[in-house]
Amino acid sequence: MGKWIVCSAWPYINGMPHLGTMLHLITADFYARFLTQMSEDVISISGSDEHGTPIEVAAIKEGITPKELTDKNHLKLLEVLNKYQIHLSNYSRTENPVHVDFVKEFYSNLEQRGYISRKSTVQLYCEHDKIFLPDRFLEGTCPFCGYDKAKGDQCDSCGRLLEPTSLIGPRCALCGSPAIQRTTEHWYFDLPRFSDELKEYISTVKDLDDNVKNTTLKMIEEGLRPRSVTRDNKWGIPAPFKGAEEKTIYVWMEAVLGYISAVKELGGQTLVDDYWKDDQTKTVFFLAKDNIPFHSIIFPALLMASGGGYVLPGRISSTEFLLFNQLKFSKSQHIGIWADDALKLADGEYWRYVLLSMRPEQRDSNFTNDDLKRTVNDDLNDSLGNFIHRSLSFAYNNFYGAVPSGGPATAEDQAFIKLVLEHRASYVDLIYRIRLKDAMKSFMEVAYAGNEYISRNQPWALLKNDRERASTVTYNAVQATAHLYFMMAPVLPGRAKLLARLLNIGTPGLQIAWEQVPSGHRLEAPVPLFSKIETNPS
């Protein structure tokens, strides 16, 4: 048994997250459930990212304070997470006092260690609104890809990190007025000092995905620059540096520290030391590819600079983009399906399987409402649900409400047993390797094969002339159902709990023996696990 910290990128709560963001939260919850099922020692972490300029902009539009906005949105999101069966060890928020204090102490330490410096810098300013324009208060054309709605800190199209002054044709995001340059002071983190350490770290991490490694090494080779730690906006964590009383910590430079502060909130410094400072701890981060540099460069560099003995990110599992009708999911551009609206189309648990089965691991995945309907109705209802229900119903109705006896196995039986056990082993292996889309295929292949096995053998016809053979076929179908329960548990936890009740068993067994429930074991009266859905045309 090993120690694991499973993390999802923190959703930014200037509004309800879309399904592209929910994918990472679902994945983290799924992965943590799987590891727990495998008797690993797991802490799972995420939280609401609630500081920075987009929150200020959204609050201004609603005529409320940023704190009122984030309080409201955080509570809404907690309700939605529950409907998706997302139950992490700690789903926190960046306004939590533990996080605020941790960030202040962390950066005070970095300043004392000589990694924070004060510089005069030219920033962009709106004369109409009389404010400096950090990050999302600023729009312009990306100097790298030409996208004309790039923000002041990052281009949402190509994912490159930006400095506000690098934008072409910068303008105020509030009023649209051209931005002008003014001199101000900010505090910077000496990121270039860690170029060699970061390069060595990225080159030697065994389980790092190729896209993460290649993206990061390219950015290091192009040259890292000092990264601004402070901003002129008011909504955020007050900067702890002398002379920075009117400044706040840049949202991305504090949000990544939430992976540590949320553990501290959960169990104090002792828990932080037990997990974050144990070099045997394995860390996994689930995020989109545009968040790679914050997790592969900035976060590890901050940990190195702290001298705190923290383990560095071990596995950064980034996805390509989830597309909706061939367009990238984007909160800022209002493209996609929002997490609360999605629940009007399908049960939150259905979405867990749908999103994991189309997780864009190697290339962008397009999604339509028709895909949702087809995946739920064909996979969950007609394949998985149908096999489980027909297996348990036949056993319950024809063998006195119990698992029948298994007689001598034919060559066909042996082939079916071999297939189920191989897919179960493959499922486990694929999940540890974070090939989750393929793991969902292995999971569903068992249901496909189970339906074919029952249809070919027709136990209902065998009952009249060969009850022993009917008993064997039904016994094998029930065992396959129990193996599906093991595979279902982290994907569809609510339905798996119901299936456990129908099978009259406890937690899924880890032993890969064919017999999971013995002959004579009492079953509960079966009920369907799934139902078909209807959606509006996409």
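Biologist: Rings of Phe, Tyr and Trp (its six-membered ring) pair if their centres lie within 6.5 Å. How many aromatic pairs does a search of the whole structure find?

Modeller: It finds 24 aromatic pairs. This is a predicted model, where local features need pLDDT of at least 70 and side-chain atom pairs count only at pLDDT 80 or more, while totals for chains, interfaces and linings use all residues. Residues are numbered from 1 along each chain as its sequence is written, and side-chain values use heavy atoms, with hydrogens and water left out.

Biologist: Take F106 and Y107. What kind of aromatic pair do they form?

Modeller: Edge-to-face, at 5.7 Å centre to centre and 75° between the planes. Planes over 60 degrees apart count as edge-to-face, under 30 as stacked and the rest as tilted.

Biologist: Is F106 buried or exposed?

Modeller: Buried, with a relative accessible area of 5%. Y107 is buried too, at 0%. Buried means under 20% relative accessible area, exposed over 50%, partly exposed in between (1.4 Å probe, protein chains only).

Biologist: What span should α4 have?

Modeller: Its 16 residues, 97–112, should span 22 Å at 1.5 Å a residue, and the end C-alpha atoms are 23 Å apart, which agrees. The expected span is 1.5 Å times one less than the number of residues.

Biologist: What takes a positive phi just after α4?

Modeller: G114, at about 85°.

Biologist: New topic. Where does the charged end of R182 sit?

Modeller: Over the ring of Y125, 4.0 Å from its centre. R231 lies over the face of Y250, at 3.9 Å from the ring centre. The test is NZ of Lys or CZ of Arg within 6 Å of the ring centre and within 35 degrees of the ring normal.

Biologist: Back to rings. Which residues form one aromatic cluster?

Modeller: W4, Y31, F34, F286 and Y432.

Definitions and conventions: Helix = DSSP H or I, 4+ residues; strand = E, 2+ residues; numbered from the N terminus.
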